[in-house]
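Biologist: I would like to go through the charged pairs in this model. Please set each value against its definition.

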Amino acid sequence: MTPESVTLVKESWAKVKPISDQAASLFYGRLFEVYPEVKPMFKGDMTEQGKKLMALINTAVNSLDRLEPMIPAIKDMGARHASYGVADGDYDKVADALIWTLGQGLGEDFTPAVKDAWVGVYTVLADTMKAGAAAKAA
């Protein structure tokens with residue numbers, strides 16, 4: 001992640017955050033429409049799940065310039081997700097739904113540079129979570 005990509009992610013997230021409830025609804029709607037096989041992994045109130053997702057993204061975005069101390073917690077989250085049945089390929093499905101959602105929420109502000117920045121950030125976080133899952137399985 002470059003400082004420029006961190007800045008792009010933070011600036012674009014500031015535009016999405018005020019519509020986070022709508023973004024969460026768009027995200028899960030897209031995820032379940034395109035990848036219905038993941039729906040059984042989600043149990044309980046999806047509105048509450050959406051709030052948790054948006055809070056998690058907010059924490060991650062706000063920590064991008066000091067990510068190193070967060071790595072153990074991110075790996076632990078990956079291990080927990082593995083216990084819910086999340087496989088490595090599921091991260092690509094989430095990425096697809098997230099990038100689509102950001103495009104919907106940001107409209108013309110979702111430039112190729114902003115998209116690339118989000119893909120880069122998501123990839124770092126997802127790879128760290130996968131490493132946590134792999135370490136738990138070992």
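Biologist: Why does aspartate 127 count as partly exposed?

Modeller: Its relative accessibility is 43%. Buried means under 20% relative accessible area, exposed means over 50%, and partly exposed is in between (1.4 Å probe, protein chains only). So aspartate 127, at 43%, is partly exposed. One caution: this is a predicted model, where local features need pLDDT of at least 70, side-chain atom pairs count only at pLDDT 80 or more, and totals for chains, interfaces and linings use all residues. Residues are numbered from 1 along each chain as its sequence is written, and side-chain values use heavy atoms, leaving out hydrogens and water.

Biologist: What makes lysine 130 and aspartate 127 a salt bridge?

Modeller: A salt bridge needs a side-chain nitrogen of Lys or Arg within 4 Å of a carboxyl oxygen of Asp or Glu. Here the closest N and O atoms are 3.9 Å apart, so the pair qualifies.

Biologist: Why is the pair of glutamate 37 and lysine 93 said to tie parts together?

Modeller: Their closest N and O atoms are 2.9 Å apart, a salt bridge. Glutamate 37 lies in the loop between α2 (20-34) and α3 (46-62), and lysine 93 in helix α5 (residues 88-106), so the pair ties together parts 56 residues apart in sequence. Helices are DSSP runs (H or I, at least four residues), numbered from the N terminus.

Biologist: How do you know whether lysine 93 is buried or exposed?

Modeller: Its relative accessible area is 18%. That is under 20%, so lysine 93 is buried.

Conventions. Helices (H or I, at least four residues) and strands (E, at least two) are DSSP runs, numbered from the N terminus.
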